[in-house]
Amino acid sequence: MEGGIHPVETSAFRDCFSLAWKNPYVLRLAFSAGIGGLLFGYDTGVISGALLYIKEDFDSVDKQTVLQESIVSMAVAGAIIGAAVGGWMNDRYGRKTAILIADFLFFIGAVIMASAQNPATLIVGRVFVGLGVGMASMTSPLYISEASPAKIRGALVSTNGFLITGGQFLAYLINLAFTKAPGTWRWMLGVAGVPALVQFILMILLPESPRWLFRKGREEEAKAILRKIYPAHEVETEIQDLKESVEKEIEEEGSSEKINFIKLWRTKTVRRGLIAGVGLQVFQQFVGINTVMYYSPTIVQFAGFASNRTALLLSLVTAGLNALGSIVSIYFIDRTGRKKLLVISLIGVIISLGLLSAIFHETTSHSPDVSPLATSRFANYTCPDYSSAKEDATWDCMKCLKASSPDCGFCASAINKLLPGACLISNDTVKDLCHKEDSLWYTSGCPSKYGWLAVVGLALYIIFFSPGMGTVPWIVNSEIYPLRFRGVCGGIAATANWISNLIVAQSFLSLTQAIGTSWTFLLFGVISVVALFFVIIYVPETKGLPIEEVEKMLEMRTLQLRFWEKRPDSLQKNQAV
């Protein structure tokens with residue numbers, strides 16, 4: 001799933017490096033907890049490449065789209081449960097304990113996946129990994145935030161976001177490294193256990209969050225940790241500030257009434273904030289980002305690249321651009337503004353999805369013909385549906401791949417892959433025979449001269465999505481709710497994101513099978529158009545505004561439809577103050 005990166009000033013990074021040089025203990029805390037973000041990103045990226053080889057080892061997975069989707073999406077289902085349980089565990093047992101349990105679950109999941117002898121066991125391993133990912137995704141940034149000096153907190157929390165996208169890029173590199181190794185996908189999935197084990201060991205040697213210790217009345221332990229984090233001349237002030245903050249928090253919790261969701265919805269500012277915040281999180285997933293992150297190599301194969309290794313290599317482009325986009329977002333978010341960045345992002349996403357839809361329409365409608373002569377050279381392995389067809393001259397590669405009794409594949413011409421080829425039964429024996437003819441074997445997509453354009457389309461999609469729709473929904477959700485409701489509303493929005501992620505991950509391949517890849521991307525494009533209108537109408541510009549001003553904006557419904565114009569003087573003065 002796409003994670004959020006909080007915007008920070010460039011000076012915060014300079015302060016961060018300066019302080020890390022003087023006090024490496026702080027960097028050690030942030031890096032050790034940040035490995036949770038790396039695990040999150042690695043799991044998102046690794047399954048996309050591993051799936052190509054899992055299909056080769058398990059025929060049932062290759063033939064059943066639902067099984068492929070389940071292997072991908074069960075980790076997301078586990079993450080939804082992990083995030084819910086993680087919130088309770090954070091408060092009850094502490095941030096450190098929650099991270100240790102997340103690492104244990106992730107390690108167990110990696111071992112189960114690497115040793116799986118059937119798809120069911122593999123899915124069980126994915127659920128374990130998902131539980132760990134869900135817990136780590138919410139606990140790691142929380143631990144970093146509470147164990148960091150205030151002036152560099154934003155920069156250090158941002159490292160968790162960088163490690164998520166960095167983990168995705170690392171996953172593609174590791175996928176490539178193991179393409180020729182025996183056991184391919186087992187190594188790809190099993191290696192995930194290594195950073196989990198490393199983090200487990202590092203976290204055992206690190207302290208609990210000082211804020212949590214204060215809340216539990218263990219003040220002396222908290223003070224000892226703060227003295228390691230802050231310079232001597234600042235530590236007493238920080239101890240006093242933390243003590244007052246925790247006391248105020250406990251007092252508010254004791255005096256506040258239980259949150260009633262019906263009452264929450266009836267509160268105008270909260271309701272409008274939830275519509276904007278939850279809507280952004282849902283649209284972030286429904287414009288198709290995690291189809292690209294989870295299924296990128298498969299999409300590349302749909303575009304006409306037969307080799308698993310080539311598909312993985314080209315998918316590195318999307319992972320690299322995604323990591324770059326998260327950095328670009330930090331530069332533009334406070335210069336351009338949230339709403340404007342979202343609008344620019346969505347316009348680019350709509351253009352990219354339109355391009356992808358057109359490219360895949362061309363690849364499917366202009367696939368190479370099936371040659372009776374080429375097919376007759378593999379007489380014993382001719383696709384039964386092709387043999388029984390009366391109008392065999394009208395068969396092309398796409399029609400061959402849609403044959404289902406049994407499944408069939410396309411052996412391209414050895415002279416030129418765009419020339420007519422053979423339609424044959426799909427199994428390992430036939431695949432090897434095709435390769436011996438110096439021909440390419442296709443089962444997911446067909447040879448096409450437009451394949452490279454599809455990679456360009458995917459790259460454009462990521463370039464536009466990542467700096468805007470990739471990060472802004474998380475930032476808006478951290479700013480749009482009244483302070484007393486921020487926790488519960490943020491939780492509702494994050495849950496909506498995970499559930500939307502699950503729906504998209506579980507349905508993408510079924511959609512491509514039912515309506516075709518071109519129509520699937522066109523559907524995402526239509527949803528992106530709806531998302532654009534939603535952003536223009538419902539999402540306020542929160543750049544630089546205090547919470548009180550955001551509440552007033554929601555109350556008065558001054559949502560500034562002309563987002564490109566400067567704000568009224570009153571808002572600018574408030575921002576300056």
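User: Which hand does the crossing have where helix 17 passes helix 23?

Analyst: Helix 17 passes helix 23 in a left-handed crossing. A crossing is called left-handed if the near helix is turned anticlockwise from the far one by less than a right angle, and right-handed if clockwise. Helices (H or I, at least four residues) and strands (E, at least two) are DSSP runs, numbered from the N terminus. Please note that this is a predicted model, in which local features need pLDDT of at least 70 and side-chain atom pairs count only at pLDDT 80 or more, whereas totals for chains, interfaces and linings use all residues. Residues are numbered from 1 along each chain as its sequence is written, and side-chain values use heavy atoms, with hydrogens and water left out.

User: What angle and what distance describe helix 17 and helix 23?

Analyst: Two packed helices are described by the angle between their axes and the distance between the axes. Axes are lines fitted to C-alpha atoms, for helices over the stretch in contact, and angles run from 0 to 180 degrees between N-to-C directions. The axes of helix 17 (residues 338-365) and helix 23 cross at roughly 155° and come within 10 Å. Helix 17 and helix 23 are therefore roughly antiparallel; angles under 35 degrees count as roughly parallel, over 145 as roughly antiparallel, 65 to 115 as roughly perpendicular and the rest as oblique.

User: Which residues make the contact of helix 17 with helix 23?

Analyst: Contact means heavy atoms within 4.5 Å. Helix 17 contributes R338, L341 and L342, and helix 23 contributes V472, P473, I475, V476 and E479. By class, six of these residues are nonpolar, none is polar and two are charged. Here Ala, Val, Leu, Ile, Met, Phe, Trp, Tyr, Cys and Pro count as nonpolar, Asp, Glu, Lys and Arg as charged, and the others, Gly among them, as polar.

User: How is helix 17 placed against helix 22?

Analyst: The axes of helix 17 and helix 22 come within 8 Å and cross at roughly 165°. That makes helix 17 roughly antiparallel to helix 22, and the crossing is left-handed. On the helix 17 side, the contact includes I344, G348 and F360; on the helix 22 side, it includes G457, L458 and Y461. The classes are 14 nonpolar, four polar and no charged residues.

User: At what angle does helix 15 pack with helix 22?

Analyst: Helix 15 (residues 289-302) and helix 22 (residues 451-465) pack at an angle of about 165°, and their axes are 12 Å apart. Helix 15 and helix 22 are therefore roughly antiparallel to each other, with a left-handed crossing. I289, V292, M293, I299 and V300 of helix 15 meet L458, Y461, I462 and F465 of helix 22. These residues divide into nine nonpolar, no polar and no charged.

User: Which residues touch the most other members of the largest nonpolar core?

Analyst: In soluble globular proteins, nonpolar side chains tend to be buried together. A nonpolar core is a set of buried Ala, Val, Leu, Ile, Met, Phe, Trp, Tyr and Cys residues joined through side-chain atoms within 4.5 Å. Buried means under 20% relative accessible area, exposed over 50%, and partly exposed in between (1.4 Å probe, protein chains only). The largest core has 97 residues, of which I54, L122, W185, L189, Y295, F360 and Y461 touch the most other members. Helix 2 (residues 24-57) gives the most to this core, with 11 residues. A second, separate core of 23 residues includes V26, I144, M203 and I225.

User: Is Y42 buried or exposed?

Analyst: Y42, in helix 2, counts as buried at 4% relative accessibility. The C-alpha atoms of Y42 and A171 are 5.1 Å apart, although the two are 129 residues apart in sequence.

User: Where is S466 found, and which residues does S466 touch beyond four places in sequence?

Analyst: S466 is found in the loop between helix 22 and helix 23 (472-479) and is buried, with a relative accessible area of 2%. Leaving out residues up to four places away in sequence, S466 touches L321, N322, G325, S326 and T471.

User: How many helices and strands does the protein have?

Analyst: The protein has 27 helices and three strands. Buried residues make up 54% of its 577 residues.
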